[in-house]
Amino acid sequence: MSNTDALKSRRADAVANGVATRGIYAACAENAELWDVDGKRFIDFAAGIAVNNTGHRHPKVMAAVAQQAEAFTHTCFHVAPYEGYVSLAERLNAATPGDFDKKTMLVTTGAEAVENAVKMARAFTGRSGVIAFSGAFHGRTLMGMALCGKVNPYKKAFGAMPPEVLHAPFPNAFHGVSVEQSLAILDNMLKSSIDPERVAAMIIEPVQGEGGFNIAPPEFLKAIRAICDEHGIILIADEVQAGIARTGKMFAFDHAGVAADLVTMAKGLAGGFPLSAVTGRAEIVDAAPAGGIGGTYAGNPLAVAASHAVLDVIDEEKLCDRATEIGEKINARLTELASRQGMEAIGDVRGLGAMVAFELVTDRDTNAPDAALTMAIVAEAEARGLIILPCGTRGNAVRLLPPLTVPADQLDEALDILEASIEAAINAKGV
């Protein structure tokens, strides 16, 4: 029995079934490469789901964490605060879009950031309603589940969701949902489903993550900014997956020239260490009563040190520019592949920076989803040494999230593996 097979058996006996896992058991990793417990090498185009934007174990991140560990690893910021937290808040206040006074709170996970952003919006407005969008993913906590725009697996079997959470359609040109249609339905919701004076917040991902890497058109983000301004609604940008240089800008909202009132971030913020943040208008962030937000592990010193290093690396290594270069190369390869005879199963290629996906369909006339082919491509790639992930509300998109530090030769190698995997899966389907 291989080490992997042994761990699969142990995992089945010891770990909750609801914690879904892949079949790769990691032993070590470096930058864009990962080796499993049997010594097999993989190029990692998942990056811990957009966490390792600076690659696995970036030397500057590891050095910063080691230095902090020599001082202290935990005090609880509520008990004995520390300069690193304060200075990171200052940096995030300066980095997020918007020319207004800002404040920041640090927590641990993306879901925590979302929960606290909603709490802040409710405290500031005195309202309770929240509007999210179809296809959204905002976490697995109770409010996070309610905000998600996909039932299975995030809401299935978990009972009633919190009230006054509504979903408007996210524009998706590939599936025939225009910006105009989305805005018309949103307008109707505010006339027929919920009084806008009861809506505390509207939350949106500028590029949907689990929903399929669907990009919110700039004109849509500008329109909902205007709607929020008209009705006194707090606009929350969920930048958990799209932020921290992933899309070629520090935050994806930067592409639209729009500033949200609150920004949630996590994943790539601390280079593999658990850290998240809410940054936004000072008066909104300050609306919660003292002690009403925070947490025992919120803003852990090791993660804070890692985040400072990540921000330095993004600047020093020009990772926003690198994200754009990587995305252009991936898009060009996939677009060329999709244009070939016999590649009609690739219905759409889309992306912003190094956040790229392609959608698999049974035919391009109906764009009917082909989830089975999607999983076949993922499995083929894994067998050939490339880690990629499925996504999308219909389970028929493949997302590509390489570290922004991936070497050029490994990027080319990964794209060769991806192309071979796509061709093999499509050919096998035709047999």
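1. A salt bridge, as the term is used in this note, is a side-chain nitrogen of Lys or Arg within 4 Å of a carboxyl oxygen of Asp or Glu. By this rule 1 salt bridge is found across the interface of domain 1 and domain 2, whereas a search of the whole structure finds 25.

2. The model is a predicted one, in which local features need pLDDT of at least 70 and side-chain atom pairs count only at pLDDT 80 or more, while totals for chains, interfaces and linings use all residues. Residues are numbered from 1 along each chain as its sequence is written, and side-chain values use heavy atoms, with hydrogens and water left out.

3. The domain assignment of the protein gives domain 1 as 3–57 + 318–429 and domain 2 as 72–317, the bounds coming from an automatic or database domain assignment. Their C-alpha centres lie 26 Å apart. In contact terms (heavy atoms within 4.5 Å), 36 residues of domain 1 meet 35 residues of domain 2.

4. About 2800 Å² is buried between domain 1 and domain 2, and carbon and sulfur atoms give 60% of that area; buried area here is the accessible area (1.4 Å probe) that two parts lose on being put together, summed over both. On the side of domain 1, Cys 320, Leu 352 and Met 355 lose the most area to domain 2, together 24% of what that side buries.

5. Between the two domains, 20 residue pairs are in polar contact, both residues being at pLDDT 80 or more. A polar contact is a pair of N or O atoms within 3.5 Å; within protein, one must be able to donate a hydrogen and the other to accept it, and residues adjacent in sequence count only if both atoms are side-chain atoms. The elements of domain 1 that each supply at least two residues to the side touching domain 2 are helix H2 (47–50), helix H11 (319–338), strand S11 (346–352), strand S12 (355–360) and strand S15 (397–400), where helices (H or I, at least four residues) and strands (E, at least two) are DSSP runs numbered from the N terminus. S11 gives the largest share of that side, 5 residues.

6. The salt bridge between the side chains of Glu 210 and Arg 399 has an N to O distance of 3.0 Å. Glu 210 counts as buried at 12% relative accessibility, and Arg 399 is buried as well, with a relative accessible area of 4%; buried means under 20% relative accessible area, exposed over 50%, and partly exposed in between (1.4 Å probe, protein chains only).

7. Arg 333 and Glu 419 form another salt bridge, their closest N and O atoms being 2.9 Å apart. This pair links distant parts of the chain, with Arg 333 in helix H11 and Glu 419 in helix H13 (residues 408–430), 86 residues apart. Arg 333 is partly exposed at 23% relative accessible area, whereas Glu 419 counts as buried at 15%. Salt bridges that share partners join Arg 333, Glu 336, Arg 340, Asp 416, Glu 419 and Glu 423 into one network.

8. His 138 sits in the loop between strand S5 (129–133) and helix H6 (142–147), and it is buried, with a relative accessible area of 2%. The side chain of His 138 makes a polar contact of 2.6 Å with the side chain of Asp 238. Beyond its neighbours within four places in sequence, the residues in contact with His 138 include Ala 111, Val 114, Ile 203 and Glu 205.

9. Ala 50 belongs to helix H2 and is buried, at a relative accessible area of 1%. Leaving aside neighbours within four places in sequence, Ala 50 is in contact with Gln 241, Arg 246, Lys 267, Gly 268 and Leu 401.

10. Some backbone features deserve a look in the model. Most residues other than glycine have a negative phi, and most peptide bonds are trans. The peptide bond from Asn 152 to Pro 153 is cis, with omega near 10°, and Pro 153 lies in the loop between H6 and strand S6 (165–168). Ala 157, which is found in the loop between H6 and S6, has a positive phi of about 80° and counts as exposed at 77% relative accessibility. Asn 367, in the loop between S12 and helix H12 (371–384), has a positive phi near 55°, but Asn 367 counts as buried at 14% relative accessibility.
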